[in-house]
Amino acid sequence: MCGIAGSITWQAGAKEQLDTFDIQRLAHRGPDALVTLRSGALAQPPARLRWKLGHARLSILDLAPNANQPMSTPDGRYWLVYNGELYNNSALRGELEGLGHRFTTHHSDTETLLYACIQWGKDALAHLNGMFAFVFIDNDEGTVLAARDRVGIKPFYYKYHQGVFTFASEPKAILGSRRANRRELAGYFNFLQVEGTATFLEGICKLPAGHLLELNGGQANPMAYWHPLIAASHGRDLGDAGGCMELLQESVDLQLVADVEVGTYLSGGLDSSVITALASRGGRRVNTFSIGFAGNHPGYQSELPAALVVSEHLNTRHHAIRITPEEYLHAQQRVFGILDEPIANSACGPLLLLSEKARAEGVKVCLSGEGSDELFIGYRHWHDAYRVDRALHMAPRPFWKALLAMAGPLARRKPGWSAWAHRHVLGQYIIWGGIDAMALKRQETVFAAEFLEQARDPYSIVRSHYDAPACREADLVQRLSAFDLQFHLPEYLLARVDRMSMAASIEARVPFLDHRLVEQSLRLKTSLLFGKGGEKLALKRFAAKLLPSSIIDRPKVGFEIPMEKVLDHAQAMAQRDLVLAMDDSFRLYSPRFRQRIAEGRVTGKEFWPHFVLSHWWNLHVAGQ
């Protein structure tokens with residue numbers, strides 16, 4: 001786990017042409033070794049391209065100095081900078097040794113990846129089980145291969161300007177002025193993130209999850225090499241979840257491999273509890289970390305008692321943190337400084353505190369439960385949407401249009417269902433996946449008409465994913481899973497985990513997102529996933545062998561923030577000038593909504609995305 005950065009050009013020019021990044025800005029991602037190297041410093045500089053590579057190392061596997069990066073073959077032809085972990089490192093290294101490759105490190109997965117790229121080129125990606133973002137250079141051919149792991153656990157940002165390709169793990173390492181990408185902001189208010197290839201910053205792009213770039217002297221477009229439904233071309237053909245659970249156990253076993261101390265983030269919910277139980281098998285005593293709010297707050301339900309039950313059941317070394325709303329806001333202010341792009345996820349601050357606690361206890365790797373809801377369907381509204389969608393297709397659209405005209409009571413009792421029916425009448429997919437934050441609001445009541453005219457239509461993003469060839473035979477829930485695995489998870493939930501854990505120099509691993517488990521789980525029959533017994537049925541049946549029934553039968557809570565307490569009227573008034581100053585720059589809001597902000601009448605969850613965006617703008621755009 002590391003931070004990578006670099007610049008590459010195929011043009012002749014001054015040395016300064018490559019000074020487009022600063023690896024020091026990523027030192028938090030890898031405090032164990034910080035290295036920068038130029039191709040011009042090599043005994044035989046390459047003739048077809050020039051490069052400058054930087055690497056910040058967090059030593060997790062093979063701690064020896066000869067496993068540092070940038071890494072090259074002994075003859076200096078091939079070079080690699082890489083962020084991530086290969087969980088099949090041992091098996092893959094053995095296969096490459098059988099093909100004649102000779103290794104100089106003891107068990108570095110960086111060297112394994114280097115020789116995998118030499119052996120198979122871009123086809124090496126099919127051999128990898130892990131999380132990764134890397135750049136591989138062939139000095140003799142003058143070619144570059146860049147890739148990001150299948151589900152986007154590791155980030156990869158890049159910029160192509162005046163013939164120089166610059167890349168980094170976070171935008172802060174890419175030098176240059178900052179201008180906000182105003183066209184993408186409407187999507188932010190729908191999804192609390194922006195589309196997979198775009199970023200909040202003009203001129204800087206993201207390599208989407210499951211994509212690669214091939215460069216040979218000119219700009220290149222991202223190319224997909226994997227899709228979540230790649231193995232589900234025949235629909236839901238699995239009537240037994242046993243194979244999925246075996247893969248989950250194998251994934252946890254593989255991801256426990258490290259030369260440093262490993263722990264888990266334990267919320268007390270089903271997903272993190274299952275991961276912790278599997279990590280604890282065989283008498284292993286793991287460190288577990290939980291966080292919650294001290295005291296009682298309206299609408300807030302602490303999961304700390306549930307986490308303690310799991311810890312005692314599994315005999316873990318448990319570490320619990322209790323914070324106040326004031327401490328939460330203080331942590332969140334630190335988060336705004338860490339994030340180059342706003343992540344409007346209210347759990348960022350607590351996750352940062354949890355990661356810092358883990359590091360203080362001597363832990364460098366933590367396993368997390370992200371991805372389970374997308375694979376085993378832990379969202380009640382997905383289950384509801386599946387039922388509503390089937391009902392909507394039982395009658396023609398004119399029937400539903402007429403019914404909706406008389407359906408005031410339905411809109412009041414089931415506003416989500418009513419919104420879905422309206423979308424169906426318009427010929428749209430009824431649910432967008434992830435966070436559809438504006439689903440129940442009329443955008444024109446919040447935003448200025450000119451802003452909405454200039455913004456990218458968020459629905460076009462949904463349609464491009466839902467209408468992909470791999471989705472043609474998929475049902476609605478498979479499309480939702482695929483959409484979230486390609487869009488919501490990598491740029492929202494996994495981005496949150498990566499930035500907050502790396503800010504504390506912690507490597508976070510996500511066993512549910514082993515690509516083999518992803519492919520197989522999306523083939524499970526819906527009766528194994530949800531029904532009269534609720535959601536996530538297959539995982540609950542498996543968990544019954546591992547955990548107390550009180551944990552398995554608990555309603556899904558998630559890490560809830562008492563937001564009405566955190567961002568009450570007083571806080572809204574304290575923040576209003578900053579939010580309005582941002583709007584003076586972006587020209588987002590309707591006059592009526594501006595007035596509501598000025599009067600402190602936008603509070604709690606409604607205020608949250610505006611609060612987050614304004615702090616990002618102030619620190620990273622206005623303040624440069």
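Which residues of helix α13 (residues 415-425) are buried? I looked this up in a predicted model. I found S418, A419, W420, A421, R423 and H424 of α13 to be buried. I then moved on to what comes after the helix. G427 follows α13, and its phi is positive, near 80 degrees.

**Entry on the sheet**

I traced an open sheet of six strands. I wrote down the order as β2-β3-β1-β9-β8-β10, with antiparallel pairing. The edges are held by β2 (33-38) and β10 (205-206), and each has a single partner strand, so one side of each is left without a neighbour in the sheet. I reminded myself that strands of a sheet pair through backbone hydrogen bonds.

I next checked how β10 is joined to strand β8 (residues 157-161). I counted two bridges between β8 and β10, which run antiparallel. For Y157 I noted K206 in β10 as the bridge partner.

**Entry on two helices**

How do helix α7 (residues 325-338) and helix α23 (residues 604-622) cross? I noted that their axes come within 9 Å and cross at roughly 50 degrees. I recorded the crossing of α7 and α23 as right-handed.

I listed the residues that make the contact. From α7 they are Y328, L329, Q332, Q333, F336 and G337. From α23 they are W608, F611, V612, H615, L619 and H620. I sorted the residues of this contact into seven nonpolar, five polar and no charged.

Note on methods:
Residues are numbered from 1 along each chain as its sequence is written. This is a predicted model: local features need pLDDT of at least 70, side-chain atom pairs count only at pLDDT 80 or more; totals for chains, interfaces and linings use all residues. Side-chain values use heavy atoms; hydrogens and water are left out. Two strands pair if DSSP finds at least two bridges between them. Helices (H or I, at least four residues) and strands (E, at least two) are DSSP runs, numbered from the N terminus. Axes are lines fitted to C-alpha atoms, for helices over the stretch in contact, and angles run from 0 to 180 degrees between N-to-C directions. A crossing is left-handed if the near helix is turned anticlockwise from the far one by less than a right angle, and right-handed if clockwise. Contact means heavy atoms within 4.5 Å. Ala, Val, Leu, Ile, Met, Phe, Trp, Tyr, Cys and Pro count as nonpolar, Asp, Glu, Lys and Arg as charged, and the others, Gly among them, as polar. Buried means under 20% relative accessible area, exposed over 50%, partly exposed in between (1.4 Å probe, protein chains only).
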